[in-house]
Structure formats: C-alpha cells, structure tokens
Amino acid sequence: MRKQIAAANWKMNLTYQEAENLLDKIVSEQYNLTENQKVIFAVPAPYLDMAEGKIANQAHMFIAAQNVYSKKSGAYTGEISVTMLQSIEVDHAIIGHSERREYFGETNQLLAEKVNICIAADITPIFCCGEALPVREVNQQNSYVSRQLEESLFHLSAQQIEKVVIAYEPVWAIGTGKTASSEQAQEMHAFIRNELATKYGKEVADRISILYGGSVKASNAKEIFSQPDVDGGLVGGASLVAEEFITIIKSLKV
Ligand code: PGA
C-alpha cells in the first residue's frame, strides 16, 4: 500500500521563533500514525536544521527543503545542494513548485535534473505538477500535466520513479481559497496514475503516492483525501496554523 502523506509547505513565512512554536505545537499532538502514513514539513532553508532536531524522535515525521539546486557544489551563490541537505539529514525536497516555475523560471528540463540529483542522493523529491486556469478553461489539463511528467520524470527507471512523490497542484487553486472539487482531484489523480501505469506498469503506479495541493484545509481535507487516488496533500496556508494542520494530519487515510 502506498504512503498517505500530509506535507506542510510553509513557503516564505514565519520567523525562527514562530517556526519553533508552530512545530512544537504540531509535534506534541497525539496521532498514532501508522507505518503507512507520513508527515512532512517543508520549512524555509534557515530553519531546516532546527526543524530536523524537533522531529528527530518522531516516528513517521520528516523535514523537506522547499527547493534544491541541480548541481552538487560550486560557484552558485545563494543555492542549496543535496550534499548540504544530506549533511543535516534532510531527506525530502519539493521540486518544481508552481511558484518556482512561475517566478524563478524553472523549466521541465531543469526539474528533470533536480529530480535526478535528489534520487542519486537518496532524497525523496516531492515533484509538483499542475495546470494554470487558462489551460483548464480550454480543457487541456491532461495533456499539460502529461507533458510535465514526461519531460521531468519519465526518463527515470521504474526503480527510481518509485522514490518520487507526485503532488498535483492546480495553479488556480493555490492560495486562492478555491479548491478543486474532490471529483476534479480524483479525475486528475487517476489520469496521472494511468500515465504512470502506461509507462511503468500498474504495480509500480499503484505504489506511487500522489498528493493533492491547492487550498487544502481542515474543513475539506477528509473529503479530498477520501478519494481513491488521492494519497494526502501538500498544504500551504493551512499548514501555518497548528490546529488546521493537526486536523489535516488526522484526515489521512490509514
Ligand atoms: P495553499 O498552497 O494550500 O496555500 O493553496 C499549496 C501549495 O502551494 O503547496
């Protein structure tokens, strides 16, 4: 059975002290997480080490970087390498968030390189895909997402792709309060799984977690996560509020 995952994406929010407080509150709650469930916190880079310390004794909890560079080391001022993440035991990284694609010009080709370097370093890439509103308005979302998968992931071997977590995040639902309906989410997740099955076979496709992202909150998480091909969520705004994210974690399928 594939993992059910609640992933917090804090983006560029919170001071160090606020981040500590938020993690303390969330981590101190009782969850009874199963082998099949994971909680991931994608925190701003200056807080990775602190966050890693906070979850060190928590089973099923992990820390993620929000981005990583495609090169191992060198003259790339301001960038963060997989080697740096490894050295502080960070084992997940968000790759290709729509904000990185839109504001920082990240292309499918660059993201393929980032996915590769993560996998080589044994860091789980949480690979984001999803269409913007104009694409959905002309009903081209399937071919758009299919191309993202093809150009950034489908060069991987079956063994490698099983290490990837996919997050479907329709850009029109991110930070807008406008969630995809659970039917829309299920429809796209089933499409993505089918694309994976066509390329790698059904067994491999069935082992890959596909998260939904875009205005997930305490009040809609259970409904969205209950869909058969939705394996949890990548959560922005609501992950900054302890009570909200606690409820979201408790909404995961077991
Ligand atoms: P949101 O963001 O939950 O605030 O819509 C999700 C994301 O961008 O990962």
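A crossing is right-handed if the near helix is turned clockwise from the far one by less than a right angle, and left-handed if anticlockwise. The legends below all refer to a predicted model.

**View 1. Helix α7 against helix α9.** In this predicted model, α7 (residues 141–152) passes α9 (residues 182–200) in a right-handed crossing, the two helices packing at an angle of about 45 degrees with their axes 11 Å apart. That angle makes α7 oblique to α9. On the α7 side the residues that meet α9 are Q141, N142, V145, S146 and L149, and they face M188, F191, I192 and E195 of α9. Sorted by class, the residues of this contact divide into five nonpolar, three polar and one charged.

**View 2. Helix α5 against helix α7.** Helix α5 (residues 108–120) and α7 have axes that come within 8 Å and cross at roughly 50 degrees, and the two helices are therefore oblique to each other. The crossing of α5 and α7 is right-handed. N108, Q109, L111, A112 and V115 are the α5 residues in this contact, where they meet R147, Q148, E151 and S152 of α7. The contact of α5 with α7 comprises three nonpolar, four polar and two charged residues.

**View 3. Helix α11 against helix α12.** Helix α11 (residues 218–225) packs with helix α12 (residues 242–250) at an angle of about 15 degrees, and their axes are 8 Å apart. Because angles under 35 degrees count as roughly parallel, α11 is described as roughly parallel to α12. The crossing of these two helices, α11 and α12, is right-handed. From α11 the contact is made by A218, A221, K222 and F225, and from α12 by E244, T247, I248 and K250. Divided by class, the contact of α11 with α12 holds four nonpolar residues, one polar residue and three charged residues.

View 4. For K11, an N or O atom of the side chain is 2.7 Å from an oxygen atom of the ligand, while for H97 a polar side-chain atom lies 2.6 Å from an oxygen atom of the ligand. In the case of G237, the atom concerned belongs to the backbone: this polar atom is 2.8 Å from an oxygen atom of the ligand.

Key: Residues numbered from 1 in each chain as written. Predicted model: local features only at pLDDT ≥ 70, side-chain atom pairs only at ≥ 80, totals over all residues. Heavy atoms only, no water. Axes fitted to C-alpha atoms, helices over the stretch in contact; angles between N-to-C directions. Helix = DSSP H or I, 4+ residues; strand = E, 2+ residues; numbered from the N terminus. Parallel < 35°, antiparallel > 145°, perpendicular 65-115°, else oblique. Contact = heavy atoms within 4.5 Å. Nonpolar A, V, L, I, M, F, W, Y, C, P; charged D, E, K, R; others polar. Polar contact = N/O pair within 3.5 Å; in protein donor to acceptor, adjacent residues only side chain to side chain.
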